Amino acid sequence: MNEQQLTIFEISKSDRVAVDLPKCDVTLENIDELIKPDFIRAEPAKLPEVSQPDLVRHYTALSNRNFGVDSGFYPLGSCTMKYNPKVNEDVCRYAGFTDLHPLTDVTVAQGALQLLYNIEQYLIEISGMDAVTLQPVAGAHGELTGLKLIRAYHRARGEARTKVIIPDSAHGTNPASAAVCGLEIVEIKSNRDGSINLEALKAVVGSDTAALMLTNPSTLGLFETNIQEIAQIVHEAGGLLYYDGANMNAILGIARPGDMGFDVVHINLHKTFATPHGGGGPGSGPVGVKKDLIPFLPVPIITYDDKKFGLDENRPQSIGRMHSFYGNFGVIVRAYAYIRTMGPEGLRQVSEDAVLNANYCLSQLKEDYHVPFDRYSMHECIITSQKQQQFDIRALDIAKRLLDYGYHPPTIYFPLIVEEAIMIEPTETESKETLDGFIAAMRKIAREAEGDVAKIKQAPHKTVVGRLDETQAARKPVVRWKA
Amino acid sequence: MAWSYLPHTSEDRKSMLEAIGATSVNELFVDIPQSLRLNEQLKLPPSLSEPEVVRHLAELAKANKGLQDLTCFRGAGAYDHYIPSVVDHIIRRSEFYTAYTQYQPEISQGYLQALWEYQSMICEITGMEVANASMYDGGTAIAEAAMMAVAASAKRTKVIVAKAVHPHYRAILATYVQDQSITITVAPQAYGVTDFNSIETLADDTTAAVIVQCPNFFGNVEDLRSLGRLAHAKGAYLIAIVDPISLGVLEAPGKLGADIVVGEGQSLGLALAFGGPYLGFFAAAEKFMRKMPGRIVGQTTDNQGNRGFVLTIQAREQHIRRGKATSNICSNEALCALAAAIYMSSLGKNGFREVAYQCLQKAHYAHAALAATTGCQSGFGSRFFKEFCIKTDKPVAYINGKLLEQRILGGLDIGKYYPELENVMLICVTEKRTKEEIDRLVREVGALL
C-alpha cells in the first residue's frame, strides 16, 4: 500500500509560485482610489504556494492514484466507457477553436458555426429526428431541456398536462429532471424483464399525461419490443414520448428513436460519441425533436442561408436559455471528429461490436453467475450475485475484489428492479483478449467465493486505500481543508 | 475493413459468435422488430482517416479568428486570462480525463483528493464553508442557487434578481424556474449598480433570495454588505454571483454577508472555447450543506485508518433520491474543476492577487484614456473591476466593425440587452493586455469618432 498522499495545502510554503507574470506595464494608481476601501480584500485567500516542479509532481501523483479507460477495462454499465480517441484531444485544442470568444462577431466564427451546424445535421440523421439543439451539456441537462420543450408544446396547445410517466427501471435522473421541471411523477412497475407493462401504462395514461420517459434499449440492456404499441398508447392519449439516449450505443445505424415514435430524445456525446467522461464531466447532451416542437427550442439556434452561418435569438415561442452560451463546444468538436472518422459504416460496426461484446461476456459468465434474463442482450448485460449470496458474498464484494484484479467494476445495484444487479457494459473498443481476461477474473472470484470468503469481504487489498468509511464521511462531513 | 478504434478481427467476431451460439450478429438484434430496422446506411459523410480528419478540422479552425488574430477587449462572462502551461499538461493526463465519476473510491483517490482540494480553494476565495465539485456553468449554477434558496425557505417563493446581472444568466434563471412555483422580480439598476431602494420596496416576507452580481454585468462593484443587510432584514438570503478573479482584490463575499456564492469559473484556467466547456462553481454557508445540488467530496478513513476521500452526503442526489433529489444534476464539469484547482495552485496566494491587481490597474488605465477621448465618455464612472462601460457618439456596431478590420475585438454592444443603454460598449481589460495594446485600442477608437 502506498504512502498517504499529502494535500497541496500541506506541501505549501510561503512565497513559492508555479507560474510567473510580467510586471504591470501601466501607470499604477493607489488601489484605494479605484475601489472603495470597504470593498478591498482584507486578507488574501490562502491558496497553496508551490513551485512548478512540486505542483506537477503533486498532480502526477494524484493521477497515479486514479483509474481511467486508458488504465484498463472499465465495463461500467449505463456509462459507455469506450476508448477516447487521441486525435480528438488534439483537434479540439486548435487555436481557432480554443481561443474563440463566444460573443465574437459571427463573421469571424464561421468555422465553429459550420461545425455546430453540421453535427446537428448528423445527429438528426442518426436519431431520426427533425431538429437538434446542442445547448445541454449533460444527459440530465438534456432531460430537463426536453421536458421543458414538452411542457411548452402542451402549453401552446392550451393543454395543462402535468404528469410524466416513468418506469421503475429508469435512471434516477429521469424522475429528478421531471421534478425540477415541475412535473408530477407517475411511476409504473415494469415487467420483470424491465419492459413496459402495457396494462400498467394504459391504467395511468390519460388527458393529464405530458409524456412517457423511456430508455431503449432499457436500463436492463434489453430492447423494448412493444415500442410501437407503447408509442400508440401514449400518442392516442395526447402525450409525447421522451427518449433517454443513455443506451444509444446499441443501435447506431440499426434503428432510430425517431422511427420508433419518440418525439424528443437526448443523446450523450460523452457516451455514444466517444468524448471523454473527464472524471464526471464535461459531457454534452444534445436534444433532438420532431417538427412540432421546433418553435420551442432554446435560443440561440444556429442558422445557415446558403452563404453564411449565424445565430438566431428571435424565437418568440422558445423556452429560453439552458446554457450561458452554446453548450460544451469543446466536447462537441471531439464528437464531430469521431463521427467524421467512423462514417456510416463505422458507426454501425460500433453498435454491432458493442452488442457482440456484451453477449459474449454474458455467455461466458452464465455458468458461474446467476443470469436473470437468459436471452440476447443489447450493448450491456446483467448478472447478479445470487449464486454467491449463500456464501455471504454480495455484488459490492465482487466489485471490490475486481479492483484487485485491475478492473474497474461494472455498475452495481442498478437497475433497482434487479436484486444484487451487476451490469456489464464492455463497449466495442475492447478486444476479445481483454474480455477473456475479465471473464477469467470473474470466474476466479466465483471460485474464491466458495472457499475464501474473507479475502473477498476485505477486498480490495492492492489499492492505495482499503474500503472507505462512507458513513463517517456523511455523518461528520469534512469537505474542505482547514489550516 | 479494419477500424483503428475497433479491435475485433473477422476471426474474433466469428469465434465469439460461436461461443455465444449465434449464427450471425444480426441474430443478436432479434428483439428489434423488422419494421423498425433501418434498412439503409445512415446518410452521413464517408469515413475519414486520421490525417484527413486532422486536415478537415484544421480548416474549420482556420475559418475562425481567435486570440491569435485579434486583440481581445471583449468579456461579458467569458474572459481572456493567461492560462499557465501546466494546466493543460495535467488535465491531459488520461488517468484523469478518461475516468468517470468516482463511484469506486479506492481507485479514484487521486481525483477525489483533487476535487476536495478544489472545493477547499473555492471556499478560500469566496469565504464560504462548503463548495460542491462543480456545476455546468455560471448561469445554471445561479438557477440552482435560486432553487436551493426557495427550497430552504418555508413558504417563500419569490426571487429578486438585479437587472445588473448578466442577461444570459437571468434568461437561464427564468427558463429554469418557469415550470415551478417560483416568481422572479427584477430589481432595476441606477447609475450602473443595483438600486437599493428597489430592493427595499420589492423584498417582502415571500422573498426567498436576492440575487446580485459583483462585479455586475457593467463591471461595477456592488455594495454586497448593504445588499446583504437589505435582504436579511426581510428574511431573504443573499445570493452573490462573483467573478472569481476579482476575489484577488475584492473582499470575500462570505465576509460581506452572502449566504450562497456562485459564478462562472471559466476565468480560472479554462479556454474561451466558443462558450464551453466552462465551470459553474457553487459555495454556501454550512447550513446549506445537505440541501446543495451536485457532488461533494468528503474526507474519511479506510479500514486501516488511512486518510481517504469519498463522494459524500449522497442522499441529496438523483441516483439515491430520484424524484426527491435536491437537483437533477449527474454529470458535472469535473475536469474543468480540476483545471481551476491547478490554475489557483499555480498562481498561489500572491499570484492570484497579482492577476486581479493587474486587471484592475490596466482596466482603469484604459478607462481613463478612453473617457478622455473625444466622442467617448465614461458610462458609470470608475467603481469597476476589469470591465467598464463607455458611451460613444457613434453606434457600437460601426466602431466594432472598424476595429475588427484593425484586428481588435472591441467591447460588447450592450444596447442589445439594455435598450436604455444605446451606444454603450462594455470593454474588458484583463492582465493579459499590454499597455501597447491598450494604447492602440484608444488610438483606433479615437480615430473613428
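Is Tyr191(B) buried or exposed, and how many other C-beta atoms lie within 10 Å?

Mentor: A caution to begin with: this is a predicted model. Tyr191(B) is exposed, because 11 other C-beta atoms lie within 10 Å and the limit for that label is 12 or fewer. Look at its backbone next. Phi is positive here, at about 55 degrees, and Tyr191(B) is not a glycine. The residue sits in a loop of chain B. Strand E5 (189–190) lies on one side of that loop, and strand E6 (193–194) on the other.

Thr80(A) counts as buried, because it has 27 C-beta neighbours inside 10 Å and 20 or more are enough for that. Thr80(A) too belongs to a loop, the one between helix H2 (52–64) and helix H3 (86–91) of chain A.

Stay with the backbone of chain A. The peptide bond from Asn216(A) to Pro217(A) is cis, and its omega is near 0 degrees. Pro217(A) is placed in the loop that links strand E4 (209–215) to helix H9 (227–236). Phe414(A) and Pro415(A) are joined by a cis peptide bond as well, with omega about -5 degrees. Find Pro415(A) in the loop between strand E11 (411–412) and strand E12 (421–424) of chain A.

Now see how the chains meet. On chain B, 167 residues are in contact with 172 residues of chain A. Helix H12 (residues 334–371) of chain B gives the largest share of chain B's side, 23 residues. By class, that side holds 84 nonpolar, 52 polar and 31 charged residues.

H12(B) leads on to a sheet. The helix lies across E13, strand E14 (387–392) and E17 of chain B, and runs at about 130 degrees to E13(B). The sheet is open, with four strands in the order E13-E14-E17-E16 and antiparallel pairing. Its edges are strand E13 (376–378) and strand E16 (412–413) of chain B. Each has a single partner strand, so one side of each has no neighbour in the sheet.

E16(B) pairs with strand E17 (residues 424–428) of chain B in the antiparallel sense, over two bridges. There, Asp413(B) stands opposite Met425(B) in E17(B).

Key
Residues numbered from 1 in each chain as written. Chains lettered and ligands numbered in written order. Predicted model: local features only at pLDDT ≥ 70, side-chain atom pairs only at ≥ 80, totals over all residues. Contact = placed C-beta atoms within 7 Å. Nonpolar A, V, L, I, M, F, W, Y, C, P; charged D, E, K, R; others polar. Pairing = 2+ DSSP bridges. Axes fitted to C-alpha atoms, helices over the stretch in contact; angles between N-to-C directions.
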